[in-house]
Amino acid sequence: MSRDVIISIDAGTTVIKAVAFTLDGQQIGMAGLPNHYTNTADGKAEQDMLQTWKTVVDVLQTLIGSIPNLATRVAALAVTAQGDGTWLIDENGTPTAPALLWLDSRARDIVQEVVTRETYPEIFSINGTGTNSCQQSAQLAWFKRNRPDILARSATALHCKDWLYFKLTDVRTTDASEGTFTFGDFRTRQYDRALLEAFDIADLAPLLPPIMDGVKQSHRLSAKAAQETGLEEGIPVVLGYIDVVCSSLGGGLFDPEGRAGCSVLGSTGVHMRLALTPDDVRLNGECSGYTIPFPHEKACIQMQSNMAAAINIDWIVDVARDVLATRGIRPSRSEFLESADEIIREQSSGGLLYHPYISPSGERGPFMEPFARAGFIGIDSSNGFFTMMRAVYEGLAFAARDCYSAMGPLPSEVILTGGAARSKALRSILGDVLGAKIRCSQREETGAAGAAMIAAVQIGRYADLKTCSEEWVAPYLGDPETTNSIPADHFTSLFHAYQTSREALRPVWKDMAASAKGAPQ
C-alpha cells in the first residue's frame, strides 16, 4: 500500500479534529470530538492535559476507522493547535498542573505592571507582540508568584501542540511561531533574555524547550503512541506552526510578493498581512498586535485582532428578532440575515458611523482599551433600521482597515474566511472600504490544511511552500469579487472620522465605566 495520505491534527479550545488529505491536497476524511475546559469568575480557564491527549487518540482512531487501510497509507502526521497558554510537565512527562489556556486572565495585573513601565516599548520592539495575560510569559510569572510549588515540580513549559507532539514522539520542543512571539526576537527566531527579564522569570529559562522548524525537521511516532492511536510506529510526525499561522497558510495568505491580506470574520475579527522580511514589519505606536514567524524563509505574519466581529451583527439582528417576536414572527438569525442582505447592499453609505467595540472586554486591535464600547454616531430622524444595520457592516470594515493600517500599506487583495464571509453585502462593503479585491477560500479545514502543507514540504513531496500552495491552495480560492465601486475618497473621509471619533471617545468610555462601577444596585 502506498504512503499517499497526510493526517493533520488541529486541537482547538473546544473541538479537536483529525483531517486526512491526499498528497496533492484533497480532503478525504475528517473526525472531530468536543474538547472541554473549566473556567471561573476569577479568570481561571484550565484544560485537563491527559484528557486532551485522550481526545486526540479517540479522534485519530475514529478517522482511521472511517477510511479503508488508512493506518498503512499515512506518509506523515502533522500537528497544530490553539495558541498561547501554559502546559507544564515534569521530568517523566507527567503534567504538574492543568493547562492554563489562552482564555485564562489571572495574570492581568502582572501584564498591567509590565505594559505601564517606561521600558515596555523596548520590549515590544523585540518581539513585535503586545503583551497579554493569555501568553505564557505572563502565566509563568503568575505561577512564580502564586504557585511556585508547581514550578518546582516542572521540567518543561509547553504549548498545546507541543504537548501533543511530545505525546506522539517523546520529544520536548516548540516551534518558531509560539517560541518567539512570546519569548523571543522575530528577527532571529530565537529566545531573547530581555523578554524573560521583563516578567522577572529569567530563572525559569530552563523550562523553555528548544525551538524547531517543522519545515526542516521531524521526529518519528513512538512505539507507545503507535499502540495508542493505531498508526504505524516510525512514521514522520511534523510540528506545525500555531493554528492561526496554519489557518492563514491553508487559507491563502502566502503570497511571495506580499500583496495579500487575510481576514477571519467569526465571533472575533482577525486581520493578517505577510511581511516577507523582518524589515517589512511595521510596528505601531500602540504596541498592539502580534508578529509571528511564518514557515517561509524569514517571513512573518503581522496580526491585529478585534475583540468582536460577527457578534455585532448577531446583536443588531437579535434586536430586530425581539421586535418581530412581539408580533409572533420568529425567524432564525440565518433566515433574517439572508433576507436582509440585499437590502443592506442597497442602503446609501455615510449617514452613520458605528464603532464595533461590543465586547465587554473592550478592544485590543489595533488599539488597546478595556473600556471601549460600541456606539453609533450621527443618528437623525431619517435613519431607519437598515441604515443602522448598514452602519454596523461598515463599522466592521472600518475596524479591518484600522487593523491593516496599523501594519503597513493596505493589501490589494484580501482572502476572507469565517461565518460572516457568507454575506455578499459584507464582502462588498469590505472591498469598498479597503479598496481591495475580496476572495473567499472554499477550503473547510484551513488550519489542518496548513499544518499538512508544512508536512508535505518536510517529507519532500514539494520543494517549498510556494510550489505546495499552487496545488493545495489556489484551486480552493474563489474568483475576486466585484464591489459597488463607491469612490475611494468617500470611505477615506469616513475612515478618518471613524479614527478621530474613537480617539475622542476614550475619556468618555472611561467616565462611563467609572459611573457604572459606582452606580447603585
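## Before you start

Residues are numbered from 1 along each chain as its sequence is written. Because the model is predicted, local features need pLDDT of at least 70 and side-chain atom pairs count only at pLDDT 80 or more, while totals for chains, interfaces and linings use all residues; side-chain values use heavy atoms, with hydrogens and water left out.

## A six-stranded sheet

Let's begin with the strands. Here helices (H or I, at least four residues) and strands (E, at least two) are DSSP runs, numbered from the N terminus. Six strands form an open sheet in the order S3-S2-S1-S6-S15-S14, with mixed pairing; two strands pair if DSSP finds at least two bridges between them. At the edges are strand S3 (27-34) and strand S14 (219-220), each of which pairs on one side only.

Strand S1 (residues 5-11) and strand S6 (residues 74-81) run parallel and are joined by seven bridges. You can find one of the partners by looking at Ile7, whose bridge partner in S6 is Leu77.

## Aromatic rings

Rings of Phe, Tyr and Trp (its six-membered ring) pair if their centres lie within 6.5 Å; planes under 30 degrees apart count as stacked, over 60 as edge-to-face and the rest as tilted. By this rule there are 18 aromatic pairs. Phe21 and Trp472 have ring centres 5.4 Å apart and planes at 45°, so this pair is tilted. The pair links distant parts of the chain, with Phe21 in strand S2 (residues 15-22) and Trp472 in helix H17 (residues 465-472), 451 residues apart. Both Phe21 and Trp472 are buried, where buried means under 20% relative accessible area, exposed over 50% and partly exposed in between (1.4 Å probe, protein chains only).

Tyr354 and Phe376 also make a tilted pair, because their ring centres are 4.8 Å apart and their planes are at 45°. Tyr354 belongs to strand S20 (residues 353-355) and Phe376 to strand S21 (residues 375-377), so the pair ties together parts that are 22 residues apart in sequence. With a relative accessible area of 2%, Tyr354 is buried, whereas Phe376, at 22%, is partly exposed. Elsewhere, ring pairs link Phe398, Phe491, Phe495 and Tyr498 into a cluster.

## Charges over rings

A charge sits over a ring if NZ of Lys or CZ of Arg is within 6 Å of the ring centre and within 35 degrees of the ring normal. The charged end of Arg106 is placed this way over Trp142, 4.5 Å from the ring centre. Arg443 lies over the face of Tyr476, at 4.0 Å from the ring centre.

## Two buried residues

Thr182 is part of helix H8 (residues 176-183) and is buried, with 2% relative accessibility. A polar atom of its side chain lies 3.3 Å from the backbone oxygen of Glu178. Leaving aside neighbours within four places in sequence, Thr182 is in contact (heavy atoms within 4.5 Å) with residues including Asp84, His159 and Leu195. Thr182 and Leu195 are 13 residues apart in sequence, and their C-alpha atoms are 7.9 Å apart in space.

Gln304 sits in strand S19 (residues 300-306). With a relative accessible area of 2%, Gln304 is buried too. A polar atom of the Gln304 side chain lies 3.2 Å from the backbone oxygen of Ser288. Beyond its neighbours within four places in sequence, Gln304 has contacts with Gly269, His271, Arg364 and Cys403, among others.

Notes: A polar contact is a pair of N or O atoms within 3.5 Å; within protein, one must be able to donate a hydrogen and the other to accept it, and residues adjacent in sequence count only if both atoms are side-chain atoms.
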